[in-house]
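Here are a few exercises to work through with the model open in your viewer. Try each task before reading its solution.

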Amino acid sequence: MQKTTLKNLKFQFIKKSGNKKTGFMPVTYNSAATCPNSCIFKNNGCYASQGYYTRLNWQAVTDGRRGGSFKELLNNIKALPPLTFWRAHIAGDIPANERGEVSEVYINKISEANKGRRGYTYTHNDINIKNNSKLFKKANNKNFIINVSTESEAQADQVINRHKLPAVMVVKSTEHRNAWTTAGGNKVIVCPAQTAGRSCIDCQLCADRPSPRLIIAFKAHGNAAKKINNILENIK
């Protein structure tokens with residue numbers, strides 16, 4: 001994505017989300033145009049398209065009825081008090097071009113805006129494309145934590161063991177284990193929001209792991225659970 005393309009997208013900053021899962025904390029939404037084709041749930045079970053209020057708000061950002069420019073987003077992040085814990089991309093992803101190469105401008109500027117603060121997010125962008133993995137590492141090293149989203153233990157192991165990046169993983173709604181170890185030697189625990197009812201602002205595990213070899217698993221849930229289960233059934 002070229003720098004000029006960012007100008008055509010809408011970005012929404014919410015100073016205090018009322019979302020029960022995240023808890024009361026700053027969050028952002030990016031236009032649906034930022035969602036990569038590498039996301040297996042794009043238009044096919046995406047959780048952000050299922051929740052009523054999340055879906056309506058995201059649609060308004062995508063349509064340009066809500067949100068603002070990338071510059072406004074950066075200014076809002078810079079205005080957060082030091083050490084503020086905040087979540088980027090409740091819906092949407094890191095912008096990338098038509099070849100799937102994530103925007104270096106976006107990564108650099110949002111990492112800089114986050115300096116002294118504790119922002120984190122997730123991405124379904126393909127880490128095997130060109131400099132994506134390198135840019136994600138750069139952001140993580142500057143304390144803007146990017147978790148790579150995966151749909152199998154093999155994928156999550158590759159993210160950690162090969163790319164040295166934090167991984168999260170979607171698992172079936174029927175998964176009965178709360179913790180286990182993968183074939184690649186990485187530990188998996190199910191998100192504490194699902195096992196203990198903790199909010200993101202209370203947990204903060206996705207932004208501050210006790211070990212880089214920890215995979216956080218999210219059980220399929222909600223109206224799309226059955227669809228997601230079927231998708232995961234066909235992934236090796």
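**Exercise 1.** Search the whole of this predicted model for aromatic pairs; how many are there?

Solution. The search turns up eight aromatic pairs. Take Phe11 and Phe70 as one of them: their ring centres sit 5.4 Å apart, with 50° between the planes, and that makes the pair tilted.

**Exercise 2.** Decide whether Phe11 and Phe70 are buried or exposed.

Solution. The cut-off for buried is under 20% relative accessible area. Phe11 comes in at 2%, so it's buried. Phe70 has 9% relative accessibility, so it counts as buried too.

**Exercise 3.** Work out which strands pair with E9 (residues 214–219), and how covered E9 is.

Solution. Start with E6 (residues 167–171): four bridges join it to E9, running parallel, and Val170 has Phe218 as its bridge partner. Then go to E8 (residues 187–190), also parallel to E9 and joined by four bridges; here Lys187 stands opposite Leu214. Now check burial: six of the six residues in E9 are buried. Leu214, Ile216 and Phe218 cover one side, with Ile215, Ala217 and Lys219 on the other.

**Exercise 4.** Find what Lys219 touches beyond its neighbours within four places in sequence.

Solution. Its contacts include Val171, Glu175, Arg177 and Val190. Follow Arg177 onward: it lies over the face of Trp180, 4.0 Å from the ring centre.

Terms used
Residues numbered from 1 in each chain as written. Predicted model: local features only at pLDDT ≥ 70, side-chain atom pairs only at ≥ 80, totals over all residues. Heavy atoms only, no water. Buried < 20%, exposed > 50% of the residue type's maximum accessible area, 1.4 Å probe, protein only. Helix = DSSP H or I, 4+ residues; strand = E, 2+ residues; numbered from the N terminus. Pairing = 2+ DSSP bridges. Contact = heavy atoms within 4.5 Å. Phe/Tyr/Trp six-rings, centres within 6.5 Å; stacked < 30°, edge-to-face > 60°. Lys NZ or Arg CZ within 6 Å of the ring centre and 35° of its normal.
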